[in-house]
Amino acid sequence: MELKIMKNMNHLYKLHGLIPSMLKQTTRRHIQSLADTSVQNKATLYVHWPYCAKMCSYCNFNKYIRNDVDNSRMTECMVKEVETLIKISRKTEIKSVYFGGGTPSLAESGMIASVIKAVQSSATLPENAEITLEANPTTTARAKLREFKDAGVNRLSIGVQSFYKDDLEFLGRQHSTEDAIRCISDAKDLYPGDVSIDIIFGRPNQTVEKWNKELQQLLSLCDDHVSLYQLTVERGTPLFKWVQNKIVILPDDEVMADLYETAIEVLESRGFDQYEVSNFARNGKVGRHNTAYWEGEDYIGVGPGAHGRFTPYSQGKHQREARVQILEPNRWMTEVENQGHGTKLAKPQSQLEQLEELLVMGLRTKDGIKHQTWKKRFSSKSMADLFYNQDIITQYVNSGLLHFDKSGMRASKKGLAVLNPIVQDLLNLLNDHWSGG
Ligand SMILES: C[S@@+](CC[C@H](N)C(=O)[O-])C[C@H]1O[C@@H](n2cnc3c(N)ncnc32)[C@H](O)[C@@H]1O
Ligand code: SF4
């Protein structure tokens, strides 16, 4: 059993840990990019706020602890980069905005309002567009949550991680259980139906019994969206050292699988639908912003270390690029001030790379990959032609892990829990096809 975390896509390759090893293994004979004739005029926008009040023991996102954040300079740079990237991406509509981090609830609400205004003056932002902000319980006094709402935010994602005091300490969280409970309650008052809670499972000594109790507490407090991430041991974190030195022992695969299955059962029994490996919603409150990533749509990434995927304006060429912004905030600001944006890398994406991403991302969802979505990226061979009659895929289909039908290809419920080998086999077949094998 395996699960991989996926959060916000500001580190596309990192977040679904599956990708780097897979991509390294793939052959790259047809690396030249093909013309992307279907330039999309809509995109989502991710905004990365890179500062935190404290380092959590498990986290290797792009974040910095600073006492001297220059809020007005950061705001000006965020606004400038939004304007520049919307312009060069030629997007005329921004479908959703996601403020992630780091800890964007540490930012001043004026920054959030200015970014939203910049989007509105650079493109169409539909009135009902989802505008999410990630919030840490200690940085969200009720008044601040209200300010964010006044600034235009209409959805909150709260990083609770655990309801147990000991586990919060182990994870290095700044907040207490009581802080989290207070924050959820204020958030539900101000953003009814639009509050999501992040929980990390797979912590040391986590038994199914303890987890069950915690899930009951989660259900008694939560709104209509929950994200459950398996604790991932990331290089460069204190957790990595503790695990390496056997100071910390994490649950083995069997316990991990039990924890995951328990969570699915408990949440489903209370009306939640698992619409993605790590995401659960009820009353139709699916996160629209992340859904766009899973469906392979274009997105613009603003702020230090943010990632994007779009086809920039350049004469005569229409080529989708994988873009990354400069990581370090001061260097990023200087670059934005000098040239309007702080893009560190803009690498044309080959057609093969786009299809690999679509497989990895799309199969994480309950709905899988639609034939039409595949066709937009690759019109010469359908998914069925490429995969359906291959022995290994037939085995997955016959064992009920993978489904093909009129709408597309998708992993079954059972398949979602063992997704990595399935995706790996699909990637191998795709690469064999590409290399003429
Ligand atoms: C990077 S944080 C940013 C949001 C906010 N600063 C917070 O801590 O809640 C986004 C989410 O990623 C998840 N996350 C980050 N690192 C992780 C890891 N190593 N394993 C599992 N989940 C992780 C956590 O659930 C966290 O809520
Ligand atoms: S988990 Fe959130 S608060 Fe903790 S270090 Fe990472 S980004 Fe900052």
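Start with the shell around ligand 2: by class, five nonpolar, five polar and one charged residues. The classes: Ala, Val, Leu, Ile, Met, Phe, Trp, Tyr, Cys and Pro count as nonpolar, Asp, Glu, Lys and Arg as charged, and the others, Gly among them, as polar. This is a predicted model, where local features need pLDDT of at least 70, side-chain atom pairs count only at pLDDT 80 or more, and totals for chains, interfaces and linings use all residues. Residues are numbered from 1 along each chain as its sequence is written, while chains are lettered from A and ligands numbered from 1 in the order in which they are written.

Which residues are around ligand 2? Cys52, Met55, Cys56, Cys59, Phe61, Lys63, Gly101, Gly102, Thr103, Asn136 and Gly159. Near means that the C-beta atom, placed from the backbone, lies within 6 Å of the molecule.

Two of those glycines deserve a look. A cis peptide bond joins Gly101 and Gly102, with omega about 25 degrees. Most peptide bonds are trans. Gly102 sits in the loop between strand 2 (93-101) and helix 4. Helices (H or I, at least four residues) and strands (E, at least two) are DSSP runs, numbered from the N terminus.

Phi of Arg90 is near 60 degrees, a positive value in a residue other than glycine.

Now ligand 1. It has 17 residues around it, and Tyr58, Gly159, Asp198, Tyr229 and Thr232 come nearest. Strand 4 (155-161) and strand 5 (195-201) are the elements that give two or more residues to this shell. By class, the ligand 1 shell has seven nonpolar, six polar and four charged residues.

Next, helix packing. The axes of helix 4 (109-122) and helix 5 (142-151) come within 8 Å and cross at roughly 15 degrees. Axes are lines fitted to C-alpha atoms, for helices over the stretch in contact, and angles run from 0 to 180 degrees between N-to-C directions. Helix 4 and helix 5 are therefore roughly parallel, the term for angles under 35 degrees.

Three strands form an open antiparallel sheet, in the order 13-15-14. Strand 13 (369-370) and strand 14 (402-404) are the edges, each pairing on one side only. Pairing requires at least two DSSP bridges between two strands. Strand 14 and strand 15 (408-411) are joined by three bridges. Phe404 has Met409 of strand 15 as its bridge partner.

Methods. Parallel < 35°, antiparallel > 145°, perpendicular 65-115°, else oblique.
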